[in-house]
Amino acid sequence: MTEASRAEVCVVACAEAWRGDGEILASPMGLVPTIGCRLAKLTFAPDLLISDGEAYLLGEVPLAGPEATVPVIEGWLPYRAVFDVVASGRRHVMMGASQLDRFGNSNISCIGDWVKPKAQLLGVRGGPGNTVNHATSYWVPRHSRRVFVPAVDMVSGVGANRARAAGTAASRFHDLRVVVTDKAVFDAAGPDGTLRLRSVHPGLTVEDVQDATGFDIDTAGAGVTRLPTAEELTLIRTALDPDRRRDSEVPS
């Protein structure tokens with residue numbers, strides 16, 4: 001078995017986000033999180049519910065490509081029903097973020113003043129509801145100071161400080177789990193719910209991560225992100241992503 005690539009380390013780091021979640025809807029956004037979610041279901045999290053992203057719950061774990069076929073459908077989950085799942089907290093989403101600050105506030109809406117932004121992005125979409133109702137994680141394939149900023153230009157996903165300020169209705173179920181990037185893994189166990197460096201990917205240092213982050217990070221107890229096991233590498237390379245699409249998202 002050849003050495004794990006950076007993309008494969010990121011896949012496993014994303015998979016770990018769903019460890020111990022039980023029977024909930026897993027909603028990965030992005031190729032590496034999708035492979036990670038499906039890897040988790042095939043190994044340590046068999047009760048996860050995964051969807052085709054449209055209207056069906058999948059009874060089998062398909063390839064992570066557009067040509068994948070799914071012979072077994074185990075349930076119907078139309079778009080309107082997703083809101084009931086969100087409101088009940090039975091979901092763990094891994095979203096993207098154009099900006100993140102130290103409290104875990106995220107921005108996918110615009111860059112610059114929202115009245116006249118420099119760039120218009122996706123809009124807040126489901127970010128507010130996701131972040132105050134159920135577990136939320138983030139995937140950042142390009143860790144840089146453009147993403148990790150002192151303050152986001154607009155809040156699309158609610159961070160710890162804003163959840164507290166908004167009161168119990170926002171803070172009661174606020175649950176920022178992890179932020180996985182192409183360099184490191186963060187959790188929200190820093191002072192006042194700020195981001196804390198949990199681990200650095202093999203081959204990188206804490207200094208590398210700090211240099212790519214636009215605010216001081218809590219590095220207490222930071223370790224090294226674990227490598228994939230032989231079983232996990234086999235599943236990634238043969239059962240989930242044999243065409244190595246993961247390398248297009250995280251080049252080696």
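In the predicted model, Arg 246 is in contact with Ala 7, Glu 8, Leu 31, Val 32, Ile 35, Ile 236, Arg 237 and Asp 241, when its neighbours within four places in sequence are left aside. Arg 246 itself belongs to helix 9, which covers residues 246–249. The relative accessibility of Arg 246 is 1%, and the residue therefore counts as buried, the cut-off for this class being under 20%.

Two packed helices are described by the angle between their axes and the distance between the axes. For helix 2 (residues 31–42) and helix 8 (residues 230–240), the angle is about 115° and the axes are 11 Å apart. The crossing of these two helices is right-handed. Helix 2 takes part in the contact through Ile 35, Arg 38, Leu 39 and Leu 42, and helix 8 through Glu 232, Leu 235, Ile 236 and Leu 240. Six of the contact residues are nonpolar, two are charged and none is polar. Ile 35 and Ile 236, which are part of this helix contact, are also among the residues in contact with Arg 246.

The largest nonpolar core contains 31 residues, of which Trp 18, Val 32, Leu 39, Leu 48, Met 94, Trp 139 and Val 180 touch the most other members. At least two residues of this core come from each of helix 1 (6–16), helix 2, strand 10 (175–181) and helix 8. Helix 1 makes the greatest contribution to the core, with seven residues. Another core, of 18 residues, lies apart from this one and includes Val 93, Ala 97, Tyr 138 and Val 179.

Conventions. Residues numbered from 1 in each chain as written. Predicted model: local features only at pLDDT ≥ 70, side-chain atom pairs only at ≥ 80, totals over all residues. Heavy atoms only, no water. Axes fitted to C-alpha atoms, helices over the stretch in contact; angles between N-to-C directions. Helix = DSSP H or I, 4+ residues; strand = E, 2+ residues; numbered from the N terminus. Left-handed = near helix turned anticlockwise from the far one by under 90°. Contact = heavy atoms within 4.5 Å. Nonpolar A, V, L, I, M, F, W, Y, C, P; charged D, E, K, R; others polar. Core = buried A, V, L, I, M, F, W, Y, C linked by side-chain atoms within 4.5 Å. Buried < 20%, exposed > 50% of the residue type's maximum accessible area, 1.4 Å probe, protein only.
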